[in-house]
Structure formats: structure tokens, C-alpha cells
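User: Hi! Could you walk me through this model, beginning with the terms you rely on?

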Amino acid sequence: MLLPAKAEVARHLQRYRAWERAMLASPADSSVRATFEDTGYTLCVLMGKRCAREAADAAERYLRSDATGSLWQGSPRRRAKNVARRSGSRSTRRFPAEH
């Protein structure tokens, strides 16, 4: 899965929180509400979530996490095996032109 850049996530999360505060300060203002909903939608798309609150929570977790830890799935033993297999297969590859 491709992960968005942390700087981009931080920027959109900051924008979402700012418009959330503005919307709570003036809930009757339709333009503020529309912009808040637009920023929530953008955050949903960026984080792959259906709800803006879930997307904001996911963005906060992502910004707190180590990016490489979320890239790898599975057990540490499986990860080591996959890395060894990948690196070994590239270094031992022989092509007909090398003979």
C-alpha cells in the first residue's frame, strides 16, 4: 500500500482541525461548514477512511508512528526471510550476456 507523505498528512490534518474549530464557532455559516466538509473529505481520501473523524484519528496515528513500521506486515521472522530472499535473488541473478 502506498502511504502519503507525512508532511502532506500533517498539512491536511492541520487544515481540517482549523476548519473544525471555525465550524464549531459558527455552525450556521454554510460556507464554513462546506469548507470543513471539503477538508474532511480530502482527509478521508488521503487516509483511505470513510468517516472524517476516523481519517483524522488515522492521520494522527500515522504521524506518531514510524513510517517503516507500518510498511511491513507480518511477523519479524517473515520480514527477515522476505528481505533475505529479495536481496539474495538479485545478487545471484545471472544473465546470458555475462557468460
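Analyst: Happy to! Buried means under 20% relative accessible area, exposed over 50%, and partly exposed in between (1.4 Å probe, protein chains only). Helices (H or I, at least four residues) are DSSP runs numbered from the N terminus. This is a predicted model, where local features need pLDDT of at least 70, side-chain atom pairs count only at pLDDT 80 or more, and totals for chains, interfaces and linings use all residues. Residues are numbered from 1 along each chain as its sequence is written, and side-chain values use heavy atoms, leaving out hydrogens and water.

User: Which exposed residues sit on the face of H3 turned away from its buried side?

Analyst: In H3, the buried residues are Ala55, Ala56, Ala58, Ala59 and Tyr62. They share one side of H3 because they cover an arc of only 165° around the axis (taken from the directions from the helix axis to the C-beta atoms). The face turned away from that buried side carries the exposed Arg53 and Arg64.

User: Is H1 parallel, antiparallel, perpendicular or oblique to H3?

Analyst: Helix H1 (residues 6–25) packs against H3 with the axes 10 Å apart and at an angle of about 135°. Axes are lines fitted to C-alpha atoms, for helices over the stretch in contact, and angles run from 0 to 180 degrees between N-to-C directions. Under 35 degrees counts as roughly parallel, over 145 as roughly antiparallel, 65 to 115 as roughly perpendicular and the rest as oblique. That makes H1, relative to H3, oblique.

User: How far apart are the C-alpha atoms of Arg33 and Met23?

Analyst: Arg33 lies in helix H2 (residues 30–47) and counts as partly exposed at 33% relative accessibility. Arg33 and Met23 are 10 residues apart along the chain, and their C-alpha atoms are separated by 5.7 Å.

Conventions. Helices (H or I, at least four residues) and strands (E, at least two) are DSSP runs, numbered from the N terminus.
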